[in-house]
Amino acid sequence: MQYRTLGRSGAVVSSHCLGTMTFGSEADEATSGAILETFVEAGGTFVDTADVYSGGASEEIIGRWLAAHPTEASQVVLATKGRFPMGEGPNDLGLSRRHLRDALDASLRRLGVEHVDLYQMHAWDAVTPLEETLRFLDDAVTAGKISYYGFSNYLGWQLTKAVHTAAAHGWAAPVTLQPQYNLLVRDIEHEVVPASLDAGIGLLPWSPLAGGWLTGKYERDVPPSGATRLGENPQRGMEAWQGRNDDERTWRVVDALREIADARDVSASQVALSWLADRPAVTSVILGARTVEQLSDNLAAADLVLTEDETTRLTEASVPQVDDYPYGTAGVAQRSRKLTGGR
């Protein structure tokens with residue numbers, strides 16, 4: 001396992017993070033505990049959850065495991081999130097001081113801790129003034145309830161505005177951003193990645209295997225079946241089967257993954273994860289697993305170093321499809337210039 005600083009902070013985390021959205025839903029408590037133990041034994045130190053995961057059950061399971069494993073718990077860098085509804089009332093969601101106060105305290109109770117290392121805003125809130133959210137987070141840092149804070153699913157301009165607003169008021173600065181990022185979802189490279197690099201923000205990619213598409217287990221024009229996420233629900237959100245199956249780019253990427261994996265005698269998942277962990281601004285890749293076997297395979301990616309040719313092949317196969325402007329060739333040309341000048 002490799003280790004990196006958590007964005008522009010002094011905290012050190014493992015280059016692969018354990019995502020726990022499956023805890024309490026797709027993984028029962030016994031399986032969740034085994035997953036945690038496997039992750040820690042492999043050198044993992046970074047655990048990510050959220051209040052909304054399984055309606056709070058994920059945090060509760062983690063809290064009981066931490067209490068039962070104090071030695072291991074002392075090395076865990078713990079992250080959770082707040083923003084989405086945890087009740088039916090109008091103040092049971094959002095990034096207002098009112099909701100975040102209750103949400104953070106509830107998360108601390110479920111986790112059985114007095115503070116969390118990283119508290120993340122799970123999504124942008126267009127209703128709450130940004131200053132209100134950032135002032136609450138600064139107060140939470142001062143009170144010792146959180147060590148650092150970050151965001152999830154923010155756009156580039158939203159991240160940049162938050163960074164500069166915090167700086168203007170002298171408040172604690174954000175250190176991380178958690179976006180969806182993988183070989184099939186690379187559009188964040190247009191704005192979010194540059195904004196993160198500019199601010200020293202560490203990226204924590206979620207869905208690094210694109211909901212299973214990058215494991216190599218799906219076949220062209222063969223609808224999935226059985227005990228997989230798409231097998232159980234082919235229309236599952238952004239991962240839906242038909243749209244990606246019909247996209248030729250999907251199969252260019254999958255074919256490249258399979259060929260590299262076969263040549264290296266590793267899994268396609270490991271190749272996809274290794275490519276992502278080495279992208280600019282990435283601090284730690286979030287691994288979500290339903291079983292110990294899935295996690296063990298994914299963790300092996302920490303020891304896989306792709307060659308320059310392999311990285312280039314994957315990068316070229318997965319180039320996002322964009323129009324000429326503003327992210328295509330014509331737009332990029334307007335944002336660069338020759339050092340020699342002239343026409």
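**A helix pair and its setting**

Tutor: In this predicted model, helix H10 (residues 248–264) and helix H13 (residues 308–317) have axes that come within 9 Å and cross at roughly 165°. An angle over 145 degrees counts as roughly antiparallel, and H10 and H13 are therefore roughly antiparallel to each other. The crossing in which H10 passes H13 is left-handed. On the H10 side, the contact is made by Arg249, Arg252, Val253, Ala256, Leu257, Glu259, Ile260 and Arg264. On the H13 side, Glu310, Arg313, Leu314 and Ala317 take part. Sorted by class, the residues of this contact comprise six nonpolar, no polar and six charged.

Helix H1 (residues 29–41) packs with helix H2 (residues 57–68) at an angle of about 60°, and their axes are 10 Å apart. H1 and H2 are therefore oblique to each other. Here H1 passes H2 in a right-handed crossing. H1 contributes Glu29, Ser32, Gly33, Leu36, Glu37 and Val40 to the contact, while H2 contributes Ile61, Arg64 and Trp65. The contact of H1 with H2 has four nonpolar, two polar and three charged residues.

Residues under 20% relative accessible area count as buried, so Thr45, at 14% relative accessibility, belongs to the buried class. Leaving aside its neighbours within four places in sequence, Thr45 is in contact with Tyr3, Val12, Val13, Ser14, Phe39, Gln75, Val76 and Val77.

Finally, consider the protein chain as a whole. The chain contains 14 helices and ten strands. Buried residues make up 53% of its 343 residues. Among contacts with a separation of 6 or more, 75% are between residues 24 or more positions apart. Along its principal axes, the C-alpha trace spans about 55 × 50 × 35 Å. The radius of gyration of the chain is 20 Å, which agrees with a compact globule, because such a globule of 343 residues would have a value near 20 Å.

Terms used. Residues are numbered from 1 along each chain as its sequence is written. This is a predicted model: local features need pLDDT of at least 70, side-chain atom pairs count only at pLDDT 80 or more; totals for chains, interfaces and linings use all residues. Side-chain values use heavy atoms; hydrogens and water are left out. Axes are lines fitted to C-alpha atoms, for helices over the stretch in contact, and angles run from 0 to 180 degrees between N-to-C directions. Helices (H or I, at least four residues) and strands (E, at least two) are DSSP runs, numbered from the N terminus. Angles under 35 degrees count as roughly parallel, over 145 as roughly antiparallel, 65 to 115 as roughly perpendicular and the rest as oblique. A crossing is left-handed if the near helix is turned anticlockwise from the far one by less than a right angle, and right-handed if clockwise. Contact means heavy atoms within 4.5 Å. Ala, Val, Leu, Ile, Met, Phe, Trp, Tyr, Cys and Pro count as nonpolar, Asp, Glu, Lys and Arg as charged, and the others, Gly among them, as polar. The radius of gyration is taken over C-alpha atoms; the globule rule is 2.2 Å times the number of residues to the power 0.38. Buried means under 20% relative accessible area, exposed over 50%, partly exposed in between (1.4 Å probe, protein chains only).
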